[in-house]
Amino acid sequence: QYDPNETVIEKDKTSKMAIKQVPYERANATFVTLARNSELYKLLPSIRAVEDRFNHKYHYDWVFLNDEEFTDEFKTLVTALVSGKAQFGKIPKEHWSYPEYIDKNKAAAVRKQMKEKKIIYGDLESYRHMCRFESGFFYRHPLMENYRWYWRVEPEIQIFCDVDYDVFKYMEENNKTYGFTISIHEFRATIETLWDETKKFMAKFPQFVDKDNFMDWISDDKGETYNLCHFWSNLEIADMDFWRGEAYTKYFDHLDRAGGFFYERWGDAPIHSLAVALFLPKSKIHYFDNIGYKHSVYTQCPLNHDFRVQHKCHCVAKDDFTFRGYSCGKQYYEKMGLTKPNEWSKFT
Ligand code: GDP
Ligand code: MN
């Protein structure tokens, strides 16, 4: 299915009998990677994996973004590996700096406290700009404005299986908005007030909360408290029209005003996830259970042996994180009303 090397035979909609040959039409999609120059050699294997497993067949473009100018070495090597058009953008200052209403002394004091408490990335200023950028600005970069769909790729990831269909067309044709591969619990200490701010937002704009939302997955008490479940945002395949729409734009502005990017350490993953779970019907969320993916210590590996053979996967099934306790995969299957893979209980 969706093989650009083959001509697609389609029934002509105007006359039932005739068939016409139409060329393969790709989605309006791009890969997007935020990275530093210093990460070049950790990024190249990620690109190679995505190209070998998927993009060599489709040649989708790739946008690279950085708060600094990319070096010539970075651009040359990356361009050599990407089979679509590789584009390099510098992030505008307004998307990577403090809003004027943020108290920088207070922000610095928080970083110091978080360092003492050994909260991961708690002491880093750059990490906070990164999370704010990935929450509210990547889809507004001029290079990204040309596209509707994106697949986010980070340095040091692995792709374990052949992805032999066009994931962007899949999203489009199945009316999906947000796709992910790994879900997990957030560290409470990084988002102490995120749920309170989200509740304030919902009270102010109840019209944005979808009646078929996925609240059950993010809250175990009907919205009273947040259970910390979120989609891991280092791999997202999604529709930027959602981020660009009114509900998310107002939500991001509300959160940005509240100051939690700097006074706490709010991540883009819980923020994206809360918006997806609340402002969309849950039918628009898609779990890509078939990619095979690793980022840092967590792995998705398809549990079915035959599937792994057919898709030339090179992961170890026992490393699969989906049904482990710290994941939110089991809850995802249950709240979404999906049937868990036959093998699941052997991998908890
Ligand atoms: P983690 O995945 O949460 O552990 O965080 P990472 O360190 O992987 O950062 C997430 C993404 O943002 C990766 O693609 C990084 O390359 C990128 N990133 C993080 N900090 C910076 C930064 O200061 N500048 C740039 N240009 N990219 C960054
Ligand atoms: Mn990362």
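Biologist: What makes Ile120, Tyr121, Leu124, Phe187 and Tyr326 a nonpolar patch on the surface?

Modeller: In this predicted model, these residues have about 430 Å² of accessible area together. They count as a patch because patch members have over 30% relative accessible area and no salt bridge, with nonpolar side chains joined within 5 Å. A salt bridge would be a side-chain nitrogen of Lys or Arg within 4 Å of a carboxyl oxygen of Asp or Glu.

Biologist: Why is Tyr121 called partly exposed?

Modeller: Buried means under 20% relative accessible area, exposed over 50%, and partly exposed in between (1.4 Å probe, protein chains only). Tyr121 has 38% relative accessibility, so it counts as partly exposed.

Biologist: And why does Glu154 count as buried?

Modeller: Its relative accessibility is 19%, so Glu154 gets the label buried. His295 is buried too, at 14%.

Biologist: Which residues coordinate the manganese ion (ligand 2)?

Modeller: Glu154 (OE) and His295 (NE2) do, at 1.9 to 2.2 Å. Donors are N, O and S atoms within 2.8 Å of the metal (3.2 Å for Na, K and Ca); water is not among the atoms, so sites may look incomplete. Glu154 lies in the loop between β6 and β7 and His295 in strand β13, so the pair ties together parts 141 residues apart in sequence.

Biologist: How do you know that β13 and β14 pair?

Modeller: Two strands pair if DSSP finds at least two bridges between them. β13 and β14 have 3 bridges, in the antiparallel sense.

Biologist: How should I read the numbering and the values?

Modeller: Residues are numbered from 1 along each chain as its sequence is written. Side-chain values use heavy atoms, leaving out hydrogens and water.

How values were computed. Chains are lettered from A and ligands numbered from 1 in the order in which they are written. This is a predicted model: local features need pLDDT of at least 70, side-chain atom pairs count only at pLDDT 80 or more; totals for chains, interfaces and linings use all residues. Patches are made of residues with over 30% relative accessible area and no salt bridge: like charges are joined within 9 Å, nonpolar side chains (Val, Leu, Ile, Met, Phe, Trp, Tyr) within 5 Å. Accessible areas come from the Shrake-Rupley method with a 1.4 Å probe; for residues, only the protein chains shown count as cover. Helices (H or I, at least four residues) and strands (E, at least two) are DSSP runs, numbered from the N terminus.
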